[in-house]
Amino acid sequence: MIIREARPEDSSAICRISSRELGYPCTEALVKRQMEAVDRKREAVFVAEINGGVCGFIHAEQYCTLYMEPMVNILGLAVSQEYQRQGAGRALLAQAERWGKNLGLRGVRLNSGMKRTEAHKFYRAMGYGSEKAQLRFLKDF
């Protein structure tokens, strides 16, 4: 398994994984456009590759608020179902943690949907604790 920085040509795999594993339908064109717009000063996208194919990804950003020291915020982490429980998620999360440490950030925060109980078990096994339950509010323009 190789963990590397994502490239725009990984857009198809990231779109497929996002749609299937996270339930966020998207298009390859959208993912490619978003990948090309990643601000590498404050964001990082890494992929896990097995046998030359992308099997997972993580998207992290610097999370800065007025009321706490800056942290890494995980915007997305997913591994194709056929490669789950083989270390890709663990390796991707560790890479995002290293990225944050290298930037001098305080720690990592992430949100995980209430129904993603298997993901919750994974995060707890990785040393993460949950601090609160939240509702997410969205408004389209």
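Biologist: Where is the place of asparagine 51?

Modeller: Asparagine 51 lies in the loop between β2 (43-50) and β3. Helices (H or I, at least four residues) and strands (E, at least two) are DSSP runs, numbered from the N terminus. This is a predicted model, in which local features need pLDDT of at least 70, side-chain atom pairs count only at pLDDT 80 or more, and totals for chains, interfaces and linings use all residues. Residues are numbered from 1 along each chain as its sequence is written, and side-chain values use heavy atoms, with hydrogens and water left out.

Biologist: What phi does asparagine 51 have?

Modeller: Most residues other than glycine have a negative phi. Asparagine 51, not a glycine, has a positive phi of about 50°. It is also exposed, at 80% relative accessible area (buried is under 20%, exposed over 50%, partly exposed in between, with a 1.4 Å probe and protein chains only).

Biologist: Which value is phi of arginine 85 near?

Modeller: Arginine 85 has a positive phi near 65°. This residue sits in the loop between β4 and α3 (88-102) and is exposed, with a relative accessible area of 71%.

Biologist: In what order do the strands form the sheet?

Modeller: Two strands pair if DSSP finds at least two bridges between them. Here 5 strands make an open, mixed sheet, ordered β1-β2-β3-β4-β5. At its edges are β1 (2-5) and β5 (108-110), each pairing on one side only.

Biologist: How do β3 and β4 pair?

Modeller: Strand β3 (residues 53-63) and strand β4 (residues 71-79) are antiparallel over 8 bridges. Alanine 60 stands opposite isoleucine 74 in β4.
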